[in-house]
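Open the model in a viewer and keep the selection tool at hand. The tour below goes from one stop to the next.

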Amino acid sequence: MAKRKLILDVDTGTDDAVAVMLAALHPALDLVACTTVNGNVEVAHGTDNTLRVLDHIGRRDVPVYEGLARPLVRPDFPVPRTVDDRAGKFHGKTLPLPPTARAKAAQGAVEFLIETYRQATDEITLVPVAPLTNIAAALTLDPKLTERVPEVVIMGGGHAIGNVTPSAEFNIWADPEAAAIVFGAGFRKITLVPLDATHRALVSRADCDRLRGLGTPAGEAAAECIGHRIVAHDAAQQMATPGTTPVHDAVCVAYLVEPPVIATRKLHVAVETAGALTVGRTVIDTQFRGSGLPQCDVAFDSDPARFVDLLVRTFAA
Ligand code: RIB
Ligand code: CA
């Protein structure tokens, strides 16, 4: 069977790192490229981290295109409010992996996305697991992108849960105008994996032991990144089960190869860009009270055992 092609847009990041490894190593996936953007860490660090991850697992062939360094219309947002703080707690600026001698691609991420989709003869799924700045910029330059992308799988937002404010999730909050453009653009299919789903696929210290015990570069790196997240979450944002962490971005990649890892409902999603208390909130119309037609398959649940087994199987090879 043909592999499923994807482009992963990341702000790597401990959970992005696991997503990159899953996308690069799963035998049913063909990771065409990673694109990077401002988010968890400044974009230069995100690019360097992404290269480190790919090099560490022997995928030096996957190119990394660096994207935009600032949100679309808020030049100082989220810098300096949370980026350093967030990077320190949940990610660290530089992942604990050997440095890379490899350079990022010469072309910028936005240009790469536009050109690649213009020329594509195969379907390429777009998987943004970071602020949506690159995707919104590409859409603004080439609105036909909506017709060329078969499916967009986004990690972002939350209905019952926020993580950066009481009502907003980081990826959407960090560039709300970009997110509003993406959700309103008219893509053929959007699958949204918000905190409501990622907080159900919690990964434990025992799971990290399984991953480390594989003795592979990916197993060890995943255990290291996830272990770091568990410490950070226990200290700053404890999960329902202490000693566990969500690995948000990897759930999106897991869905590509095992769709039942999440359970979705088709709903309308909009993004709040003005509210003083609610900026960056994904307004998910669960009760069909608004006039917007459902345009997203929104995940409200996920299967932790299936998710962890997939990571272990993939990183064993
Ligand atoms: O809120 C979780 C998301 O924010 C993840 O994508 C994480 O990597 C950060 O970007
Ligand atoms: Ca991310």
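**Stop one: the calcium ion**

Select ligand 2, the calcium ion, which is coordinated at 2.3 to 2.8 Å by D11 (OD), D16 (OD), D16 (OD), V129 (O) and D249 (OD). Bear in mind that this is a predicted model. Along the chain, the donors of the calcium ion follow the spacing D-x4-D-x112-V-x119-D.

Next, select D11 and D249 together. The two link distant parts of the chain, 238 residues apart. D11 sits in the loop between β1 (4-10) and α1 (14-25), while D249 belongs to helix α12 (residues 248-257).

Are these two residues buried or exposed? D11 has 1% relative accessibility, so it counts as buried, the cut-off being under 20%. D249 counts as buried too, because its relative accessibility is 2%.

**Stop two: ligand 1**

Now select ligand 1 and the 13 residues around it; D15, N163, E169, N171 and D249 come nearest. By kind, the shell around ligand 1 divides into six charged, four polar and three nonpolar residues.

- N40: an N or O atom of the side chain is 2.9 Å from an oxygen atom of ligand 1.
- N163: a polar side-chain atom lies 2.8 Å from an oxygen atom of the ligand.
- E169: a polar side-chain atom lies 2.4 Å from a ligand oxygen atom.

How much of ligand 1 does the protein cover? On its own, ligand 1 has 280 Å² of accessible area, and the protein covers 99% of that. To finish, colour α1, α7 (170-173) and α12, the elements that give two or more residues to the shell around ligand 1.

Key:
Residues are numbered from 1 along each chain as its sequence is written. Chains are lettered from A and ligands numbered from 1 in the order in which they are written. This is a predicted model: local features need pLDDT of at least 70, side-chain atom pairs count only at pLDDT 80 or more; totals for chains, interfaces and linings use all residues. Side-chain values use heavy atoms; hydrogens and water are left out. Donors are N, O and S atoms within 2.8 Å of the metal (3.2 Å for Na, K and Ca); water is not among the atoms, so sites may look incomplete. Helices (H or I, at least four residues) and strands (E, at least two) are DSSP runs, numbered from the N terminus. Buried means under 20% relative accessible area, exposed over 50%, partly exposed in between (1.4 Å probe, protein chains only). A residue is near a molecule or strand if one of its heavy atoms lies within 4 Å of it. A polar contact is a pair of N or O atoms within 3.5 Å; within protein, one must be able to donate a hydrogen and the other to accept it, and residues adjacent in sequence count only if both atoms are side-chain atoms. Accessible areas come from the Shrake-Rupley method with a 1.4 Å probe; for residues, only the protein chains shown count as cover. Ala, Val, Leu, Ile, Met, Phe, Trp, Tyr, Cys and Pro count as nonpolar, Asp, Glu, Lys and Arg as charged, and the others, Gly among them, as polar.
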